[in-house]
Amino acid sequence: MATIGFIGLGNMGGPMAVNLVKAGHKVFGLDLSTEAKERLSAAGGVAVDSVAEAVASADVVVSMLPAGAHVLKVYCGDDGVLAHVRPGALLIDSSTIDVDSARKVAAAAVEAGMRMVDAPVSGGVAGAAGGTLTFMVGGPDDAYEAALPYLEIMGKTIVHAGGAGTGQAAKICNNMLLGISMIGVSEAFVLAERLGLDHQKLYDISSTASGQCWSLTSYCPVPGPVETSPANRDYQPGFAAAMMLKDLKLAQEAAHSSGASTPLGAEAAALYNMFCNAGEAGTDFSGIIRFLRGKQEA
């Protein structure tokens with residue numbers, strides 16, 4: 001069994017770390033939250049108070065952090081991971097960050113003699129708890145193969161997207177598509193309401209016709225047709241609008257830096273920005289249908 005340093009024990013990282021503990025690994029966990037560390041301790045992990053304590057004896061380091069600036073500091077700072085981790089350790093960053101930052105950290109890790117992958121996730125808190133996450137992995141083949149046994153404990157689907165940063169690229173491209181498609185599905189239901197078409201009837205037709213997509217059949221934004229969708233729980237998040245906005249902004253940053261044209265992605269980011277600014281940042285992202293109804297009425 002491996003010794004693992006896990007940095008970032010929040011809503012996603014905490015359950016991921018617990019699954020590694022359950023698999024028999026020794027996990028040293030670090031977080032700013034005392035409560036998060038206590039949850040890891042209760043599950044059999046070891047709570048620590050510094051990066052050095054988390055990684056000094058680690059064979060593997062896993063991180064789940066909010067943004068690129070945090071990842072750069074945690075790994076490349078004067079008192080960061082690369083300053084304390086043992087030579088040859090495997091580094092896995094599962095944060096969702098910008099591609100440029102991911103590649104900077106990966107290059108620094110390689111220069112320091114470490115193997116590293118960027119491995120952002122999809123599947124939400126339920127997937128983290130259940131060990132059913134999807135990992136999109138960027139990095140060299142040898143680093144991917146080394147990371148695979150640990151990723152398989154925390155996830156169900158693991159896809160090697162390519163070299164360093166491509167895991168992040170896959171994540172933001174996928175979530176840009178998701179954000180756009182949810183707005184499209186929501187607009188269709190708003191129009192159907194105005195035209196007197198029943199929600200269930202539209203669902204029954206579109207879910208088996210050319211309008212079929214995941215945002216409709218797995219995460220329908222109106223109550224009724226899909227029992228497990230947040231629409232049936234007053235849009236309590238699965239995936240909060242603030243997190244969708246973060247990913248859409250990352251996609252736009254990547255589009256600008258690469259010269260890609262993403263007009264619908266830009267419009268989706270603008271709409272989710274307005275939705276969040278209207279006090280809905282903590283609402284599930286499918287709740288944007290309520291915002292679109294309001295715009296129509298205005």
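Q: Does Asp234 count as buried or exposed?
A: In this predicted model, whose local features need pLDDT of at least 70, side-chain atom pairs count only at pLDDT 80 or more, while totals for chains, interfaces and linings use all residues. Residues are numbered from 1 along each chain as its sequence is written, and side-chain values use heavy atoms, with hydrogens and water left out. Buried means under 20% relative accessible area, exposed over 50%, and partly exposed in between (1.4 Å probe, protein chains only). Asp234 has a relative accessibility of 56%, so it counts as exposed.

Q: What is the phi of Asp234?
A: Asp234 is not a glycine, yet its phi is positive. The value is about 55°.

Q: Does Tyr235 count as buried or exposed?
A: Tyr235 is found in the loop between helix 11 and helix 12. Its phi is also worth noting: Tyr235 is not a glycine, but has a positive phi of about 60°. The relative accessible area of Tyr235 is 6%, so this residue is buried.

Q: In which element is Ser215 found?
A: Ser215 has a relative accessibility of 1%, and therefore counts as buried. The element that holds Ser215 is helix 11.

Q: With which residues is Ser215 in contact, leaving aside its neighbours within four places in sequence?
A: Contact means heavy atoms within 4.5 Å. With the neighbours within four places left aside, the residues in contact with Ser215 are Leu178, Ser181, Met182, Val185, Cys220 and Pro221.

Q: What share of the contacts between residues at least 6 apart in sequence joins residues at least 24 apart?
A: The contacts counted here are those in the protein between residues at least 6 apart in sequence. Among them, the share that joins residues at least 24 apart is 62%.

Q: What share of the residues of the protein counts as buried?
A: Ser215 and Tyr235 both belong to the buried group. Taken over the 298 residues of the protein, the share that counts as buried is 50%.

Q: What box do the C-alpha atoms of the protein fill?
A: The box is taken along the principal axes. Its sides are roughly 65 × 45 × 35 Å.

Q: What is the volume of the largest pocket?
A: A pocket is an open set of points, on a 1 Å grid over the protein atoms alone, where a 1.4 Å probe fits, with protein on both sides within 12 Å along at least five of seven lines; lining residues have an atom within 4 Å of a point. Grid points are joined across faces, edges and corners, and a volume is the space filled by probe spheres set on the points. For the largest pocket the volume is about 1,600 Å³.

Q: Which residues are the closest to the centre of the largest pocket?
A: The largest pocket is lined by 47 residues. Of these, the closest to its centre are Asn11, Met12, Met64, Phe239 and Met243.

Q: Which element gives the largest share of the lining of the largest pocket?
A: The elements that give two or more residues to this lining include helix 4 (68-76), helix 9 (166-194) and helix 12 (241-258). The largest share is six residues, and it comes from helix 9.

Technical notes
Helices (H or I, at least four residues) and strands (E, at least two) are DSSP runs, numbered from the N terminus.
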